[in-house]
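Me: I am new to this structure and would like to learn how to read it. Please take me through it one feature at a time.

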Amino acid sequence: SVLKYKGKTNETFTAYMLNLALCASDFNYDDAVTVLDPMCGRGTTLFEAVNNGWSCVGLDADAASVDEAAKYFKKYLEYHGFKHEQRLQSMTMAGKKSCQTRVFTFGADAAAFKRGEERRTLTLARLEAQDVSKLYRKQAFHLITADLPYGVQHAPSVNKRRGADIEDLLYAALPAWNDCLLTGGAMCLSFNENTIKPEIIRGM
């Protein structure tokens, strides 16, 4: 099951996005895929990636969302009897800054886990979407998916065009996301076309 909360992206839609990205890529379900969601919220994409047998990384600017995702995933692993380890890891960013990440390493089979086989990881960190390439090297991820802010609940002020905040964010973030995408990888983004037009995103 997936964590339930107000404003959560539907998990069926999230699974659909992951499938779209995979089918558009050069990879398949049998590959050791690693997924990035650079705006992960409380981790719906990450849980769906885990259900597919993949490793994943979730980043979000909101510390409370990252904390909630970590707490839920720890309970999930314990409740379902997954053998796992959890550790805090400080990663050095470009500019000599550091970012603290929470890394869950887990496997369904105890013996294989002890041998280091069939291990997957789920990593969470508080980070601005445009800073991804400062933390991860180029070509680190097979798939990137993100459910962009819809610009409804947190619409811009009267003096600013609807969708302008999202557009500004994408202009800053998309180059960084592309840098982290493996050759043959694919990206799938969902957005509200009433606040930002598809041709704007496709032209970035």
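Me: Is Asp67 buried, exposed or partly exposed, and what is the relative accessibility behind that label?

Reply: The model shown is predicted. Buried means under 20% relative accessible area and exposed means over 50%, with partly exposed in between. Asp67 has 29% relative accessibility, so Asp67 counts as partly exposed.

Me: Which residue forms a salt bridge with Asp67?

Reply: The general idea first. Side chains of opposite charge can pair when their charged atoms come close. Here Asp67 forms a salt bridge with Arg102, and the closest N and O atoms are 2.0 Å apart. Asp67 lies in helix α3 and Arg102 in strand β4 (residues 98-107), so the pair ties together parts that are 35 residues apart in sequence. Arg102 is partly exposed, with a relative accessible area of 23%.

Me: How many salt bridges does a search of the whole structure find?

Reply: The search finds 4 salt bridges. Another of them joins Glu85 to Arg119, with 3.9 Å between the closest N and O atoms. Glu85 lies in strand β3 (residues 83-92) and Arg119 in the loop between α4 (110-115) and β5 (120-126), so this pair ties together parts that are 34 residues apart in sequence. Glu85 is partly exposed at a relative accessible area of 40%, and Arg119 is partly exposed at 32%.

Me: Which residue pairs with Lys134, and how far apart are the closest N and O atoms?

Reply: Lys134 forms a salt bridge with Asp131, the closest N and O atoms being 3.3 Å apart. The cover of the two partners can be read from their percentages. Lys134 counts as partly exposed at 40% relative accessibility, whereas Asp131 is buried, with a relative accessible area of 16%.

Me: Back to helix α3. Where does Ala64 lie, and what residues does the helix span?

Reply: Ala64 lies in α3, which spans residues 63-79. Ala64 has a relative accessible area of 52%, so Ala64 is exposed.

Me: Is helix α2 mostly covered or mostly open?

Reply: To judge a helix, count its buried residues. In α2, 7 of the 8 residues are buried, and the helix is mostly covered. The buried residues are Thr44, Thr45, Leu46, Phe47, Glu48, Ala49 and Val50. Just after α2, Gly53 takes a positive phi of about 85°.

Me: How do α1 and α2 cross, and at what angle?

Reply: Two helices can be compared through their axes. The axes of α1 and α2 (residues 44-51) come within 9 Å and cross at roughly 65°. The crossing is right-handed. On the α1 side, the residues in contact are Glu11, Thr14, Ala15 and Leu18, which meet Thr44, Thr45, Glu48 and Ala49 of α2.

Me: Which residues form the nonpolar patch on the surface?

Reply: An α-helix has 3.6 residues a turn, so residues three or four places apart point the same way. In this structure, Phe13, Tyr16 and Leu20 form a nonpolar patch on the surface, with about 280 Å² of accessible area together. Tyr16 is placed in α1 (residues 11-24). Tyr16 is partly exposed, with a relative accessible area of 47%.

Me: How many helices and strands does the protein chain have, and in what order do the elements run?

Reply: There are 7 helices and 7 strands in the protein chain. From the N terminus on, the elements run α-β-α-β-α-β-β-α-β-α-β-α-β-α.

Me: What do the totals say about cover and contacts?

Reply: Totals describe the chain as a whole. Of its 204 residues, 47% count as buried. Among contacts with a separation of 6 or more, 64% involve residues 24 or more positions apart. The chain exposes about 11,000 Å², of which carbon and sulfur atoms supply 48%.

Technical notes:
Residues are numbered from 1 along each chain as its sequence is written. This is a predicted model: local features need pLDDT of at least 70, side-chain atom pairs count only at pLDDT 80 or more; totals for chains, interfaces and linings use all residues. Side-chain values use heavy atoms; hydrogens and water are left out. Patches are made of residues with over 30% relative accessible area and no salt bridge: like charges are joined within 9 Å, nonpolar side chains (Val, Leu, Ile, Met, Phe, Trp, Tyr) within 5 Å. Accessible areas come from the Shrake-Rupley method with a 1.4 Å probe; for residues, only the protein chains shown count as cover. A salt bridge is a side-chain nitrogen of Lys or Arg within 4 Å of a carboxyl oxygen of Asp or Glu. Helices (H or I, at least four residues) and strands (E, at least two) are DSSP runs, numbered from the N terminus. Buried means under 20% relative accessible area, exposed over 50%, partly exposed in between (1.4 Å probe, protein chains only). Axes are lines fitted to C-alpha atoms, for helices over the stretch in contact, and angles run from 0 to 180 degrees between N-to-C directions. A crossing is left-handed if the near helix is turned anticlockwise from the far one by less than a right angle, and right-handed if clockwise. Contact means heavy atoms within 4.5 Å.
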